[in-house]
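Please keep the structure in view while reading.

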Amino acid sequence: MPRIHLVVSEPDRTRYAAAARREGLTLSAWLRAAASDRLDRLAATEPFRTEDDVWRFFEERDAEMGCGSEPDWEQHLEVMRASRDRGASET
C-alpha cells in the first residue's frame with residue numbers, strides 16, 4: 001500500500017488522534033475515512049450538466065422522501081393554525 005507523508009500542526013494531530021480513538025480507529029484509518037467522506041460529499045455536489053441530471057436529482061429526492069404529493073396551501077395553513085392554538089409546533 002502506498003504511503004503518504006502528512007504534515008499537520010501538533011494541536012490538529014492531537015484532535016485527529018482523539019477523534020480516531022473515540023471511533024475505535026487507528027489515526028491512519030480515521031484519516032482515510034475522513035478523506036473518503038469528503039470526496040463523497042464533493043461528488044454529491046457536482047453541478048448538473050444536463051436537464052436529465054436535474055430530473056434524476058429530483059426523482060432521487062422523491063424516492064428518499066417517499067411517494068406522495070405536497071399538501072396544498074390550505075392544509076399548510078390549517079397545520080399552522082392548529083400549532084398556534086396548541087402553542088407549540090409538531091416538529
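Which helix gives the most to the lining of the second largest pocket? It is helix 3, with 5 residues; helices are DSSP runs (H or I, at least four residues) numbered from the N terminus. The model is predicted, so local features need pLDDT of at least 70 and side-chain atom pairs count only at pLDDT 80 or more, while totals for chains, interfaces and linings use all residues. Residues are numbered from 1 along each chain as its sequence is written, and side-chain values use heavy atoms, with hydrogens and water left out.

A pocket is here an open set of points on a 1 Å grid over the protein atoms alone, where a 1.4 Å probe fits, with protein on both sides within 12 Å along at least five of seven lines; lining residues have an atom within 4 Å of a point. The second largest pocket has a volume of about 240 Å³, a volume being the space filled by probe spheres set on points joined across faces, edges and corners. Helix 2 and helix 3 (51–65) each give two or more residues to its lining. Among the lining residues are F48, R49, D53, R56 and F57.

The largest pocket has a volume of about 400 Å³. Of its 13 lining residues, I4, L6, S28, L31 and R32 are the closest to its centre. Helix 1 (10–22) and helix 2 (27–44) are the elements that give two or more residues to this lining, and helix 2 supplies the largest share, 4 residues. The lining of the largest pocket comprises 8 nonpolar, 2 polar and 3 charged residues.

Methods
Ala, Val, Leu, Ile, Met, Phe, Trp, Tyr, Cys and Pro count as nonpolar, Asp, Glu, Lys and Arg as charged, and the others, Gly among them, as polar.
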